[in-house]
Amino acid sequence: MNSERREMVDGAAAIARGALDVGCNFFAGYPITPASGILTHMLRELPKIGGTGIQGEDEISSIGHCIGAATAGATAFTASSGPGLSLYSENIGLAIMMEVPLVITISQRLGPSTGAATAAAQGDIQFMRWCNSGGYPVIVLSPTNIPESYHLTKRAFKLAKRFRNPVFIATDKETVMTTESVAVSEMTETPDWPEVPDEPVGELLDPYRVNGKIHHYTGSSHTEEGHITKDPSIIADLNERLREKIESRVDELSLVKSDLDDGADTLILSYGISARSMEAAVNQLRAKGEKVSALTVYSLWPIPEKKILEYLKDVKRIIIPEMNHGQYRQEIERLTNGTIELVGVNRVDTFLITPEEIVEAYHG
Amino acid sequence: MAEMGLDTYIAEENLPYEFCPGCSHGKVLGAVSDSLKQQGLDPTEVVIVTDIGCVGLSDKYFVTHAFHGLHGRAITYASGIKMQNPDLKVVVLIGDGGCGIGGHHLLNAARSNTDVTVLVFNNFNFGMTGGQHSATTPLDSITPTTSFGSTDAPMDIAGTAKVNGGGFVARATAFDKNLPEMINKAMNHDGFALIDIWELCTAYYVVRNDFGRKEMMNYMDSMNMESGLLQETDRSSFQTNYKNVQEQASKQKPMGGLILETKFSSNLDKPIRIVLAGAAGQKVVSAGNLLASAATLSGLWTSRRADFPITIQTGFSVAEVVISPEPVLYSGVIKPDVAALVAPEGRDKIARLTKAMDKTGLIYFSEGLGNVDSKAKQLPLLFPESAQKEVRKNISALTAGYLTQELRLFPFEALQEAVRLIQKPKIAEINLGVLAHFKS
């Protein structure tokens, strides 16, 4: 018997610890299942270290506090679910326009509006990407389990700082609220991911300070001094830069995990909680002698196009399990442009996708 | 810091103001500048946070720090800035429109008494978008959106701040000579400060409603909305209160994890999915935690989901535990291997799951809960004779003990060790007593 240290932990605690360990010192949020665990942890822990953790009167004020605090130098964080993202959305545009670093966890639950409170889902994948007016890029990372929740949270803060942009952690009720045993070593050892460079893209945010430089931040199209402008060429340059700073660095941002079988015709592609059912399905199929490959996408946005295409070279069929009506499948459809057969495995009935459903889809 | 003071805090290179002829906004901005001058503030000590509307054009006229955000949300940004850096003086410039759409933020900032100063440029309509009616538009006013006269009662902005606990609340007009002094007082108040400053919108409201300075003063009288200081309290500010929170919290240890070291072993060779189904108050989830922890102590891997209604102390309580020799990938349960029914609420809640079980499945039931619609084998929970008096209060712990004894997934000692490691000493003592009944 090998003695091993394991931890009983849920995703909410892992995310909160990731944030605290990477230097988060400000949190504002509003209660909503299945994200309230993160709120509770942050409000309890932050004052212990001299940080600020508060519950706003709604999601709008919560993210507003975060953006204000960030301009005054805070490493800011908020967490909610789909209904909260609806209320965050106008301020996400503001954070993009002001170039404020901000990390947002969305613990997804099922359906439009109040929906099926509270069942796991992956229905906000497109919403996170497109929730700002103008459609400017954001970064979205999606953990598949509890240790990854911890490590991707830390990564999200580094990316937010480097890009001065909102970065999402796309998770779900199942990952955040289920307590699991995990190896302590998986929590403490950083996965073999490329480091996020320290140097900022553009300028590092220089916050409001007494005796510091004067700063004007604005949500209007602005000059470099932060003054509103109507000059078309300045507006064009600003908008282009906001797009380009992320989209030109897709390769740097791309984070996937491949598990390839030589000569496999079928690749299963998934993310978040559904990627675990994918892994279980792959184990079942291989145990029966099938050749099958798997690709887990951690960096959902910007889409790691090159990385994905690289793994599709000899693939004749892609199976895409996700707990929505095919939101990421439509992106893969765009990438493959009809050259590869796509099969969706989708579930929106409060249950997780089972490994058996994926095996069934494999056998057609 | 008087030596840091400037003659003006207006960025003169950006003048003249873009406001319409006769608009009072420029006057109020001048009063803000005069106040900063009188206070001798370093421009880097001050953040001007502007809302949307004509007043939202103001940020560029200041040589201080500035923040221009979204409509109605200015107070939320200002609070965030002040929370992060209490050394900054944070002043919000907002219109009556912003106070309408952001009323919720205004009244909650007053409640928390956060140390920001809110100057309301209240000109009774939406000037920037063509003079539509706002939250403060007087009754019967003609605006593009109230062609036959407005019918809504006007919002009393200062009154709202006052009744919601705002530390410093005043009403003024843009024509008041002492406005800079009033702003000084507001900015030096330790807590939420608001001055509701009444103004004229010469482009729209004034011309459509014959509302000049004299009419405005008459309106003030007729509404019993007197000008001057309305409230000044010594209630401590959010910043002071939160400092106390930090001080108390700093004495506590940071959150830790529940680490379990493998001490026992198990022969389990495939995953097993167990559902405990009972009622609120039966500590069902706690029993689920015990099973998961005992399995973990025995080198197995686990996941534990809990399901209960949003109300507490009533209705069902369900724990789903997956125990596996390999790390759990799929944590869902649609066809349990084992179900334990300890209350009718739980039995009914998981009827769909028990029905899905096949004949290899095992359903354990407490008295009166057998005979469910399922192909699974159904067996009574036969607690030791000596434990009968524990059944009413501690049925979930007994069930955990019984399942451990019957299923032999891990040693009974692992369950006892789990009780010692994860439960509070008082509860652990009770549960170890309960489990002692199984010893023989």
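Select helix α10 (residues 284-297) of chain B: this helix lies across β1 and β9 of chain A together with β10, β11 (272-279), β12 and β13 of chain B, and runs at about 10 degrees to β13(B). The model is predicted, so local features need pLDDT of at least 70 and side-chain atom pairs count only at pLDDT 80 or more, while totals for chains, interfaces and linings use all residues. Residues are numbered from 1 along each chain as its sequence is written, and chains are lettered from A and ligands numbered from 1 in the order in which they are written.

Helices (H or I, at least four residues) and strands (E, at least two) are DSSP runs, numbered from the N terminus. Axes are lines fitted to C-alpha atoms, for helices over the stretch in contact, and angles run from 0 to 180 degrees between N-to-C directions.

**The sheet under the helix**

Next, show the strands below. Nine of them form an open sheet in the order β10(B)-β1(A)-β9(A)-β12(B)-β13(B)-β11(B)-β14(B)-β15(B)-β16(B), with mixed pairing; two strands pair if DSSP finds at least two bridges between them.

Now select β12 (residues 301-307) and β13 (residues 316-324) of chain B, which pair in the antiparallel sense over seven bridges. Ala306(B) stands opposite Ala319(B) in β13(B).

**Where the chains touch**

Colour by chain. In all, 61 residues of chain A are in contact with 60 residues of chain B (C-beta atoms, placed from the backbone, within 7 Å). Elements giving two or more residues to the chain A side include β1 (5-9), α2 (36-45), α4 (82-98) and β9 (179-183). The largest share of that side, nine residues, comes from α3(A). By class, the chain A side has 22 nonpolar, 25 polar and 14 charged residues. Here Ala, Val, Leu, Ile, Met, Phe, Trp, Tyr, Cys and Pro count as nonpolar, Asp, Glu, Lys and Arg as charged, and the others, Gly among them, as polar.

Then select β10(A) and strand β2 (residues 65-68) of chain B: the two run parallel and are joined by three bridges. His216(A) stands opposite Ala66(B) in β2(B).

**Two helix pairs**

In chain A, select α11(A) and helix α14 (residues 355-363), which pack at an angle of about 55 degrees with their axes 8 Å apart. That makes α11(A) oblique to α14(A) (under 35 degrees is roughly parallel, over 145 roughly antiparallel, 65 to 115 roughly perpendicular, and the rest oblique). Residues making the contact include Met278(A) and Leu285(A) of α11(A) and Ile358(A) and Tyr362(A) of α14(A). This contact has eight nonpolar, two polar and no charged residues.

In chain B, go to helix α13 (residues 391-407) and helix α15 (residues 425-436), whose axes come within 9 Å and cross at roughly 50 degrees. That makes α13(B) oblique to α15(B). Among the residues in contact are Leu398(B) and Gly401(B) of α13(B) and Ile430(B) and Val434(B) of α15(B). The contact divides into five nonpolar, three polar and no charged residues.

**Chain A as a whole**

Along its principal axes, the C-alpha trace of chain A spans about 70 × 50 × 40 Å.

Conventions: Two residues are in contact if their C-beta atoms, placed from the backbone, lie within 7 Å.
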